[in-house]
Amino acid sequence: MNNAAVWVPVPAVFYWGWLVPIFFGTGFGWRYHRDKVRLGNGIWFSLFFYSFLTMLAVTILGSNIHWLIIISGTLFVLLLLLIGLIFALQAFLLLWNAWIMWRHESHTLANMLTLYLGLAILILPFIGNRVSQYVPQPVSNFMAIFPNLVILYVGFWFYNYLTMLTIYQFNWPRLRQDYIIVLGAGLLDGNRVSPLLGQRIMRGLRFYQKQQRKTQHPAIMIFSGGQGGDETVPEGQAMLDYAIAHGLPASAGWAETKSKTTLQNMQFSKNVFGYFDIRFDFS
C-alpha cells in the first residue's frame, strides 16, 4: 500500500476549525484560573479536548503520512473504546465506590449515594420494560425513554466529575499558604476519624510539612466540622487531635467546630482567619 492509498484530501478551509479548540481551550483556562473546583470546568475541557482531537484527526488525515495516519487512527479507536467502557461500566464503578464507602465510612445517606445511583442504573430499565407492558402506549413510551435519560444524565455528570478529578491532580498550590483548611466528614462510632477522612488529614499535613521544610513559611491548619447528631465530639476537634497525634505542632492547628455544611466550613473558617491575623503577623 502506498501513501496515496490512504490519503484523504482536506480542503484548506477546514483548517480554520482550529479556532474552535482554541476558543474552548481559552475558555477553560480562564475559568480554571478563576476557580479550580467548579464542575462546569469539566464541560469546557471536554469541549476543548474533543474539538482538539477532531481537528488533529483532520490535520493528520490531510498530511498524507501513511505511518502517522495508521498509528493515530489506532490510538484514536483505543481512546474511544476506553471512554465507551467507562460509560458502559458506570453502574459497576458507582457500586465499587459505594463498597469502599461502606467499608471505610459511616453509613449515612450522603455516603451511600453512589450505591443508590448504581442500583438505579441497573434496575430502572428492567422496571420500565416490565411496567410498560401494562400501561397505555404514551405511558409505555415514556417508561422506555425516561430510564435512558436518567442514565444519560448520571453518566454525563459522572464522566464530567472524573474529568475534573483527573485535571485537579495537576493542581500544585504554592508553598506560601497562610492557612490550610481540611473539611470534615462523618466520624466512626461518633468519635473516631475514618480511614478516608484520615487520608484527607494526612494529605493536608504532608503539605504543611513540605511547606515548612522548603520555605519555612508559617501556616495554620484549620480543621472544619461541627458535631452531628450521632457524634460525641465535633469533627473538627477529632481531626485536630488526629493531626497532632501524627506530628502537627499543637500551636499550628485550630478546630472549627460549629459548621454543618460546606458553605459554613468556608464562612466559619474565614472567621478563624481574623482571629489568627490578630495573634500572628503573616506579612
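This is a predicted model: local features need pLDDT of at least 70, side-chain atom pairs count only at pLDDT 80 or more; totals for chains, interfaces and linings use all residues.
Reader: Hi! I clicked on D189 first: is D189 buried or exposed?
Author: D189 is exposed, because its relative accessibility is 61%. The cut-offs are under 20% relative accessible area for buried, over 50% for exposed and in between for partly exposed, with a 1.4 Å probe and protein chains only. Residues are numbered from 1 along each chain as its sequence is written, and side-chain values use heavy atoms, leaving out hydrogens and water.

Reader: Thanks! Where is D189, then?
Author: D189 sits in the loop between β1 and α7. Helices (H or I, at least four residues) and strands (E, at least two) are DSSP runs, numbered from the N terminus.

Reader: What about the phi of D189?
Author: Phi of D189 is positive, about 55°, although D189 is not a glycine. Most residues other than glycine have a negative phi.

Reader: And Q216, what is its phi?
Author: Q216 has a positive phi near 55°, and Q216 is not a glycine either. Q216 belongs to the loop between α7 and β2. With a relative accessible area of 53%, Q216 counts as exposed.

Reader: Let's zoom out. How many helices and strands does the protein chain have?
Author: There are nine helices and three strands in the protein chain. Along the sequence, they come in the pattern α-α-α-α-α-α-β-α-β-α-β-α. The protein chain has 283 residues, and 32% of them count as buried.

Reader: Which strands pair with β2?
Author: One partner is β1 (residues 179-183), which is parallel to β2 and joined to it by five bridges. The other is β3 (residues 253-256), also parallel to β2, with four bridges. Two strands count as paired if DSSP finds at least two bridges between them.

Reader: Which residues stand opposite each other there?
Author: V182 faces F223 of β2. On the other pairing, S224 stands opposite E256 in β3.

Reader: How many residues of β2 are buried?
Author: Five of the five, residues 220-224, so β2 is largely enclosed by the rest of the structure. I220, I222 and S224 point one way from the strand, while M221 and F223 point the other way.

Reader: How many Å separate the C-alpha atoms of S269 and I222?
Author: They are 7.0 Å apart, although S269 and I222 are 47 residues apart along the chain. I222 is one of the buried residues of β2.

Reader: Which residues of α6 are buried?
Author: Among them are S140, P147, I151, V154, G155 and F158. Y159, N160, T163, M164 and I167 of α6 are buried too.

Reader: And how does helix α5 do on span?
Author: Helix α5 (residues 113-131) has 19 residues and should span 27 Å; its end C-alpha atoms are 25 Å apart, which agrees. T114, G118, I121 and G128 are buried in α5.

Terms used. The expected span of a helix is 1.5 Å times one less than its number of residues.
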